[in-house]
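Hi,

Here is the structure I said I'd pass on. Have a look, and my notes follow below.

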Amino acid sequence: MNRFVNFSNHPSEKWDGNQREEALKYGVIQDIPFPAVDPDGDEAYIDRLAELCTAQIEGLSPRAVLCQGEFCLAYQVIARLKEKGILVLAACSERVVKEDGHKKEVSFTFRRFRRY
């Protein structure tokens with residue numbers, strides 16, 4: 001079975017139709033929440049966490065992985081997955097800002113997935 005792994009803190013059930021449709025082109029969507037990362041953790045901590053996350057993702061034999069989260073961990077996971085030949089993607093969105101002088105409202109509109 002083809003799988004699209006959503007490794008982020010943005011549950012696929014909350015995605016707009018366009019993002020869901022694009023993800024489904026790669027396979028069934030499987031959410032894996034991006035873990036909380038201890039800001040006091042050192043590089044060895046990140047390395048261990050990246051190994052655990054990569055193994056969990058790899059165990060699903062994904063066709064593609066959306067990886068977005070804390071930068072140091074995301075970088076390590078992306079590098080490991082790419083080393084294994086797994087397609088890793090980022091969600092590209094348009095940031096839309098509406099201001100009326102008193103209130104600022106920001107929303108994001110999904111446009112596409114882009115390869116790392």
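Predicted model: local features only at pLDDT ≥ 70, side-chain atom pairs only at ≥ 80, totals over all residues.

First, the ring rule: rings of Phe, Tyr and Trp (its six-membered ring) pair if their centres lie within 6.5 Å, with planes under 30 degrees apart counted as stacked, over 60 as edge-to-face and the rest as tilted. That gives five aromatic pairs. Take Phe7 and Phe34: their ring centres are 4.7 Å apart and the planes sit at 40 degrees, so this pair is tilted. It ties together distant parts of the chain, 27 residues apart, with Phe7 in strand 1 (residues 3-8) and Phe34 in the loop between strand 2 (28-33) and helix 2 (43-58). Helices (H or I, at least four residues) and strands (E, at least two) are DSSP runs, numbered from the N terminus.

Numbering starts from 1 along each chain as its sequence is written, and side-chain values use heavy atoms, without hydrogens and water.

Of its 19 residues, Phe7, Ile57, Val65, Cys67, Leu73 and Val77 touch the most other members. A second, separate core of ten residues includes Trp15, Leu89, Phe110 and Phe113. Ring pairs also link Trp15, Phe110 and Phe113 with Phe4 and Tyr26 in a cluster.

Cheers

Terms used. Core = buried A, V, L, I, M, F, W, Y, C linked by side-chain atoms within 4.5 Å. Buried < 20%, exposed > 50% of the residue type's maximum accessible area, 1.4 Å probe, protein only.
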